[in-house]
Amino acid sequence: MNFMFEKLKYYIGAGLSSNYIQEKVDFTVGCWKVVDAVHKTTKQRVSLWLIDHEFLDKRFPNKADQTSYINGYMTCIKNSRKLVHPHLLKIHDIQLDPYYFEFTSEHVTSCLKNHVGKLDSNDASYIAFQIIDALSFLHNTSKKVHYGVSTSSIFLDDNYNAKLFNFNWLSDIDSDNTSKPPFSSYDITPTYPNIKYSAPEVVLSKSCQVQTDIFSFAAVFCELLTGKQLLECTTKETYKPEENPINKIQGMTTTFYQLLSNCLQPSASLRPVSTDLLREPAFNTVPIKILRYLDMIVLKDPKDKFEFFKALPKAIGGFSQNLLRCKIIPILVEECHINVRFAPILLPTIFQAGKYFPIDEFTEHVFNKVSFLIPVLEPPQVLIAFLQSIDMILESTDPSIHDEKVYPIFYSALKSDKDILQKEVLKKLPAVIPKIALNGIQKEILPLLLKLCTKTNDIKIISSAFECVKICLNKVDHNQFMKYLLPKIYDIWMSKQEPLLVPPLSDLLMSLKGNEVSTMAFAIPLCTELVSNSVCHPYYQKQLCSYMLASVTKYKTVNKLDEVEDPVPKQAEAPSAAMMELFDPLAAELNISPAQQTFDFTFSSGQLTSPSSPSQQQQFQFNSPLNSPQQSQSGGASSQFSFNPSFGSSPQASGLNTNNNNGGFSPDFGGLSFGSPSKPQQSSNQGFNPNFDSPTAQQTFTPDFSTPTFNPQFPSSNNFGSPVSNSNIRDLF
């Protein structure tokens, strides 16, 4: 009953696994299903190891054998929790239950067995180096012998880090450097080490040493290099302990052959120890040294890392795509996260590393990983690194992400205030503009280009920006461009007015194909400003003039202006009553109605005549002797008015003469004269009688300004018997 209950718990998902969100099965090995899982509380990503009971039932029909097999892994878990090393699998949580046994470990994604035949020599050497490093720790620090090294006991994480596991037969090393396995006699069952990787002394149940693991290691390494298992035996009888199995391998390089030959010696004492293997040339090549450095990079000094990163591109071509994708690129991307100032030297290396990836892999493992750097404007070299690799980025990424993720590289660069970045983006932009969608051109590229022109003082940058604007014209509506953007270009030109801007502006204007109304309203004003400016070369003046002439001619033709008739001239109309009132200010005083007025005014006389009675005239005379005021008499048929301004004829007249009541107007300017500036003019008694109608009336005007005093004298009354006021004087004129 209890047995059935425990089995039921497994199938309904109770136990350790209920604490995790299970996403997918990464791989299976033996009786284990290894699941990619995330802890519900801590969000830690782990590998959840679950027993595949269906496999177990088929492999071990006998329940006692199942129990023995599971107990071996329980021992493995207990042993592994005592060991801590980067290349030994780290165990987290455990549920030790014979019927419901499961545990979690650090995240691993595959078993080495699944990679056999897919690795190049650098991949195999790097994995082998990590295994030797783990065995060296076991042999020299923990004083243990593993006994179970095989391709099924080694696992890889996302970054190609090897993790040694299966500590089912872990045993101590005695003082005499020997070790006894946990079984007295070897047998070929799943509860014993795999015979295809076991040393002769294990199969023969003889005394073992630390070099026992070296034989198993060599069998694994050879399989990784050749893609085939070294030992093909399946029984103890077919196992040949006296032969060195490497002798049947052909075509292997000398370095690897000699190394494996030493490790596969039938006698354990003739094999090298792990510390000697770490110094072998096969594990000290440039690629292996680079990978070993990357494994320890978190401990390195920033200056040391900087020098390492600068030299890395020279060696990056020697790595396989597996190592580049799983190991090198993730570490370099992580360094960009840690310190963005490393990004300018790391990005070219990252892009070079992914150069030969398929489009989907480059997009996922390269570009998407570094896209977080696109909005970074400081240092500007970050975006420069993107721009310098933009051709490869466009070729190697999925076109469906270009609008959303790739073209924003240009948008970010155009927002920068650094001229070094502005020049680089303007150098790369012309080739990319034809690929950008209309929405990106209208909402991003054109506004950012014009904004760049307004905030920079570098004329070369502005000129390059105008050239890019011209290329954008192939995508946008020209009428809308002229209406909304050409005025901004006009303002930029008016603020700069540099000769270097004339050619790109001229080309831009020549490329406009809008309607004639937009051309006349927005393009022609900019043309005129360019042509009329002295910095415009005559060649471009000629070009622009031809453009303006053609545009005006087109406008004239489209609107049929040649067919428009000249307007008919209007006939002169008789002055209206209101006009007569305006031009005859004396009409009210002379009692003449507007209908009776005709206007004949000269500077000598003003006549107001009535058409009905031409003989009846009112006449006023401007006769102004400077020294002797004349009387003005008024009769029934005519009246005469004298205007006598005096410009300093009497030196004593220094103020306003209030005694002059004869209707004269005698302002005195203190003796200042309009004559020769060298000597004052004498006052004259000759009258001032301006009459432009009478050629016989010769008048002389000689004002005297010898004394800078302005003393106008106003008459107290006029000939009409009313005091003189300002309004009266205005009416006279």
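Mentor: Let's take the sheet, then the helix pairs, then the salt bridges. Keep in mind that this is a predicted model.

Trainee: Okay, the open sheet. What is the strand order?

Mentor: The order is β1-β2-β3-β5-β4, five strands in an open sheet. The pairing is antiparallel.

Trainee: Which strands stand at the edges?

Mentor: β1 (20-29) and β4 (91-95). Each has a single partner strand, so one side of each is left without a neighbour in the sheet.

Trainee: And what does the twist average from one strand to the next?

Mentor: The twist averages 25°.

Trainee: How many bridges join β2 and β3?

Mentor: Seven, between β2 (residues 32-39) and β3 (residues 45-51), in the antiparallel sense. To find your place there, look for V34, which stands opposite W49 in β3.

Trainee: Which strands does α3 lie across?

Mentor: Helix α3 (residues 63-80) lies across β2, β3, β4 and β5 (102-106). Relative to β4, α3 runs at about 140°.

Trainee: Switching to helix pairs. At what angle do α23 and α24 cross?

Mentor: Roughly 150°, and their axes come within 11 Å. α23 covers residues 502-510 and α24 covers residues 516-532. Angles over 145 degrees count as roughly antiparallel, so that is how α23 and α24 are classed. Their crossing is left-handed.

Trainee: Which residues meet there?

Mentor: From α23, V502, L505 and L509. They meet A523, L526, C527 and L530 of α24. By class, this contact has seven nonpolar residues, no polar and no charged.

Trainee: How about α9 and α11: what angle do they pack at?

Mentor: About 45°, with the axes 10 Å apart. Helix α9 is residues 286-295 and helix α11 is residues 321-338. The two are therefore oblique to each other. This crossing is left-handed.

Trainee: Which residues make that contact?

Mentor: L291, L294 and D295 come from α9. L323, K327, I328 and I331 come from α11. The contact divides into five nonpolar, no polar and two charged residues.

Trainee: Last topic. How many salt bridges does the structure hold?

Mentor: It holds 17. One of them joins the side chains of D172 and K144, at 2.2 Å, N to O.

Trainee: Where do D172 and K144 sit?

Mentor: D172 is in strand β10 (residues 171-172), and K144 is in strand β7 (residues 144-145). They are 28 residues apart, so the pair links distant parts of the chain.

Notes: Residues numbered from 1 in each chain as written. Predicted model: local features only at pLDDT ≥ 70, side-chain atom pairs only at ≥ 80, totals over all residues. Heavy atoms only, no water. Axes fitted to C-alpha atoms, helices over the stretch in contact; angles between N-to-C directions. Helix = DSSP H or I, 4+ residues; strand = E, 2+ residues; numbered from the N terminus. Parallel < 35°, antiparallel > 145°, perpendicular 65-115°, else oblique. Left-handed = near helix turned anticlockwise from the far one by under 90°. Contact = heavy atoms within 4.5 Å. Nonpolar A, V, L, I, M, F, W, Y, C, P; charged D, E, K, R; others polar. Pairing = 2+ DSSP bridges. Salt bridge = Lys/Arg side-chain N within 4 Å of Asp/Glu carboxyl O.
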